[in-house]
Amino acid sequence: MGILEKIAEIEREIARTQKNKATEYHLGLLKAKLAKYRAQLLEPSKSAGAKGEGFDVMKSGDARVALIGFPSVGKSTFLSLMTSTASEAASYEFTTLTCIPGVIEYKGANIQLLDLPGIIEGAAQGKGRGRQVIAVARTADVVIMMLDATKGDVQRELLEKELESVGIRLNCSKPNIYFKPKKGGGLSYNSTVPLTQCSEKLVQLILHEYKIFNAEVLFREDSTPDEFIDVIVGNRVYMPCLYVYNKVDQISIEEVDRLAHRPNSVVISCGMKLNLDYLLETLWEYLALICIYTKKRGERPDFNDAIIMRRAASVEHVCHRIHRTLAGHFKYALVWGTSTKYSPQRVGLTHIMEHEDVIQIVKK
């Protein structure tokens, strides 16, 4: 019996089983087995096949955004509109067969946008180059999920399921669970909050499925068995996702209004170039980037050449970005902007910078 058959059998068993107090241990065990088989499925095969053309693209720019969606939802049209790269777009499915990179220039930042081939159902099992597409998506900072507004919510649910099964968790934070395997001493189980979904017996059963008999587990929040399994496996990627509904010019205004008010969603039309500027603003917020300008002594700040950093970056991070030896010779910095109480304020290496601050660094 192959891995795919085992996975299908466990999924059928989970669907058949009623969810109640009596079956929670059984369901927890099935979920642990399912996660284990899926991890095996994602491991590359030992026998190396013929070398195909490369799929992943070298990371460049200040951030990386992956475009994911079913075939023919407008990913290539969106890439051509947003960047200077021309990605072949046509009205038939699977126009794009490999990963095509483009660069969005916005607020002085270079954001790498990857146009990935369309995902089909069963991509997590490797159908239609699905595995490579999802592997590239794991390396991105933000995922843009392109959806056809005329197709309802079917596409969104299928894509979420495909990404979930390969360990990509969208718009959720890492579970606050401390887990450490030990050499001996059995299982040490504690929690700082009342747990309603994970009992000690269930935790023990799940750990036994992974052949872990000695470990330290501390729950700092009321987590589900699925979240606990994610912590054990440890290769999960938690990333923000923006749901972009394309082709809104083909649906009613009430439906557009309903989609636009959903969380993490933006409605656009690539054909009529509607709402693309708002999408860029939202994407900037999701990437959590800030611009910092530098200033030389006795001169005006250089507003043409910004340093792009992540939100909550300190003065030390800025020093490393300018030159790796600068932090060693750092004496103090003068900062103008919203992060200071008054301008200019003399600050040290630990000062947290904000968007559009101006910094002047003084060396020893």
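User: Which residues form one aromatic cluster?

Analyst: This is a predicted model, where local features need pLDDT of at least 70, side-chain atom pairs count only at pLDDT 80 or more, and totals for chains, interfaces and linings use all residues. Residues are numbered from 1 along each chain as its sequence is written, and side-chain values use heavy atoms, with hydrogens and water left out. Rings of Phe, Tyr and Trp (its six-membered ring) pair if their centres lie within 6.5 Å; planes under 30 degrees apart are stacked, over 60 edge-to-face, the rest tilted. One cluster is formed by Phe179, Tyr189, Phe219 and Phe228.

User: How many aromatic pairs does the structure hold, and what is the angle between the planes of Tyr106 and Trp284?

Analyst: The structure holds five aromatic pairs. Tyr106 and Trp284 make an edge-to-face one, 5.8 Å centre to centre, with the planes at 70 degrees.

User: Which parts does the pair of Tyr106 and Trp284 tie together?

Analyst: Helices (H or I, at least four residues) and strands (E, at least two) are DSSP runs, numbered from the N terminus. Tyr106 lies in strand 2 (residues 100-106) and Trp284 in helix 9 (residues 276-287), so the pair ties together parts 178 residues apart in sequence: strand 2 and helix 9.

User: Is Trp284 buried or exposed?

Analyst: Buried means under 20% relative accessible area, exposed over 50%, partly exposed in between (1.4 Å probe, protein chains only). Trp284 has 3% relative accessibility, so Trp284 is buried.

User: What is the centre to centre distance of Tyr293 and Phe303?

Analyst: Tyr293 is buried, with a relative accessible area of 11%. Tyr293 and Phe303 form an edge-to-face pair, with 75 degrees between the planes and a centre to centre distance of 5.0 Å.

User: What is the bridge partner of Tyr293 in strand 16?

Analyst: Two strands pair if DSSP finds at least two bridges between them. Three bridges join strand 12 to strand 16 (residues 357-363), and the two run parallel. In strand 16, Tyr293 has as its bridge partner Val358.

User: In what order do the five strands of the open sheet lie?

Analyst: The pairing in this sheet is mixed. Its edge strands, each pairing on one side only, are strand 13 and strand 15 (345-347). The order is 13-12-16-14-15.

User: Which residue lies over the face of Tyr243?

Analyst: A charge sits over a ring if NZ of Lys or CZ of Arg is within 6 Å of the ring centre and within 35 degrees of the ring normal. Arg346 lies over Tyr332 at 3.7 Å from the ring centre. Over the face of Tyr243, at 3.7 Å from the ring centre, lies Arg156.
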